[in-house]
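Subject: Structure handover

Hello,

Here is the structure I promised to pass on. Please open it first, then read my notes below.

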Amino acid sequence: MSGLACVVLAAGKGTRMRSALPKVLHPVGGRPMIEHVLAHAWALLPERVVLVVGPELEGTAGGFGGCAGSFDCVVQNEPLGTAHAVAQTRPLLEDFGGDVLVLYADTPLVRIETLAGLVRARRNGDRTAAVLGFRPADPAAYGRLVLNSDGTLERIVEHAEASEAECAVTLCNAGMMAVDGRRLFPLLDAIGDDNAKGEYYLTDLPAIAAAQGGACAVAEAPADEVMGINDRAELALAERILQERLRHAAMVGGATLTDPSTVWLSVDTRIGRDVTIGPNVAVGPRVVIEDGVEIRPFSHLEGVRVRKQAVIGPFARLRPGCDIGKGARVGNFVEVKNSTVEQGAKINHLSYVGDAGVGAGANIGAGTITCNYDGYEKSRTEIGEGAFIGSNTALVAPVTVGPGAVVGAGSVITEDVEADAIAVARGEQRQREGAAARRRERRRPGGTQD
């Protein structure tokens with residue numbers, strides 16, 4: 001949206017989380033809640049985004065949001081209320097003539113369309129501001145939006161200060177607000193701290209605007225979009241709501257989730273068409289699942305790309321840095337980490353493949369491991385196209401198995417294997433005829449003890 005600046009408030013202490021981690025860094029859908037809000041702000045294509053943080057986040061805020069967009073950061077050194085927090089942006093926005101959209105970093109579920117609608121409500125009729133409202137099932141603890149007869153906003157009344165008539169109002173304050181940037185800072189200057197906490201509240205702005213002859217609009221949003229997260233229970237509720245959205249979007253996009261309520265996705269998960277995901281699958285951040293893939297039950301994926309028609313699981317774990325090729329198979333109780341598994345390769349049973357390249361059509365037998373760490377550094381294993389690795393093989397990296405080579409079961413491979421060679425590295429089998437019968441005789445009660 002042209003002529004727009006976004007201010008994201010993230011200076012709250014979040015004491016109810018009872019955590020050493022700042023509240024806004026707790027993840028929802030695999031992403032810190034503050035990054036959800038920054039992503040929503042950037043999606044509006046504003047001219048500027050300003051993040052207001054407390055001292056505990058100063059110096060770390062530059063890493064928020066990855067490279068999705070740029071933002072400026074200011075610090076609210078004293079927690080003197082939401083109006084005081086917005087006022088910290090004055091050096092950056094005092095001359096900004098567009099709309100200033102105020103967002104909260106602990107409200108990660110609001111949709112981009114809702115925020116765009118809030119800005120349009122401000123612009124419609126050139127209102128001083130527009131406030132986002134909602135109608136919760138239980139409005140008991142929320143501030144009320146008191147409207148004039150023409151539908152404009154007269155004032156926001158906190159629940160503790162509301163009269164009986166005002167408590168009967170079901171339209172509540174969600175906190176987010178779009179304000180005409182030309183009028184923002186004069187209005188902030190008029191907000192006082194005459195309240196129980198001695199703080200400057202942004203909720204006083206509509207009443208002050210009305211007293212100065214301005215009018216404020218109201219836009220409404222569903223309650224589940226505007227919930228703020230203040231404790232662990234609300235964090236869990238937000239996760240549940242977001243997961244329902246992500247699952248629905250995956251199914252609308254052409255994926256089959258056989259038991260949707262048991263599948264957990266991340267907000268950045270990308271799922272193609274005709275993908276099947278079984279029960280109890282967990283998908284962490286940075287996962288791409290291409291068309292026609294099957295993810296069988298109890299699998300865990302994070303930081304991987306799974307290419308078309310591959311089959312994963314059941315009980316498989318794909319760790320960050322994996323690229324699983326077209327039609328490849330990674331089966332039950334297999335862990336793959338930082339490895340490339342090329343087209344049609346198979347790792348079907350009980351194996352660990354880490355820091356490796358597995359060539360197209362190669363077969364990795366049950367119980368195979370790549371010994372990639374020597375206690376000091378990690379090394380790679382390269383397995384060529386069409387190679388066959390027998391069961392219970394240990395490949396001690398760095399090592400290369402050439403294309404078409406065969407490694408005998410139970411081998412410990414410490415040197416490179418040439419293409420099309422057969423390598424066996426295990427102790428020579430010895431046999432003593434009749435020894436088993438003699439052992440049984442010795443173990444039998446009353447047997448000879450020679």
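A residue counts as buried when its relative accessible area is under 20%. By that cut-off, 47% of the 450 residues in the chain are buried. Keep in mind that this is a predicted model.

Start with the overall form. The chain has 10 helices and 37 strands. Its radius of gyration is 31 Å, while the globule rule gives 22 Å for 450 residues, so the chain is more spread out than a compact globule. Along the principal axes, the C-alpha atoms fill a box of roughly 105 × 55 × 40 Å.

Now the inside. The largest nonpolar core holds 125 residues. Strand 1, residues 4-10, gives the most to this core: seven residues. Which residues have the most contacts inside the core? They are L101, M176 and I324.

Take a look at M176. Set aside its neighbours within four places in sequence. M176 then touches V102, L103, Y104 and T107, and also V110, L115 and L118.

Last, the surface and the charges. The chain exposes about 21400 Å². Carbon and sulfur atoms supply 49% of that area. There are 46 positive and 55 negative charges, and their mean positions lie 9 Å apart.

Best wishes

Key
Residues are numbered from 1 along each chain as its sequence is written. This is a predicted model: local features need pLDDT of at least 70, side-chain atom pairs count only at pLDDT 80 or more; totals for chains, interfaces and linings use all residues. Side-chain values use heavy atoms; hydrogens and water are left out. A nonpolar core is a set of buried Ala, Val, Leu, Ile, Met, Phe, Trp, Tyr and Cys residues joined through side-chain atoms within 4.5 Å. Buried means under 20% relative accessible area, exposed over 50%, partly exposed in between (1.4 Å probe, protein chains only). Helices (H or I, at least four residues) and strands (E, at least two) are DSSP runs, numbered from the N terminus. Contact means heavy atoms within 4.5 Å. The radius of gyration is taken over C-alpha atoms; the globule rule is 2.2 Å times the number of residues to the power 0.38. Accessible areas come from the Shrake-Rupley method with a 1.4 Å probe; for residues, only the protein chains shown count as cover. Lys and Arg count as positive and Asp and Glu as negative; His and the chain ends are not counted. The place of a charge is taken as NZ of Lys, CZ of Arg, CG of Asp or CD of Glu.
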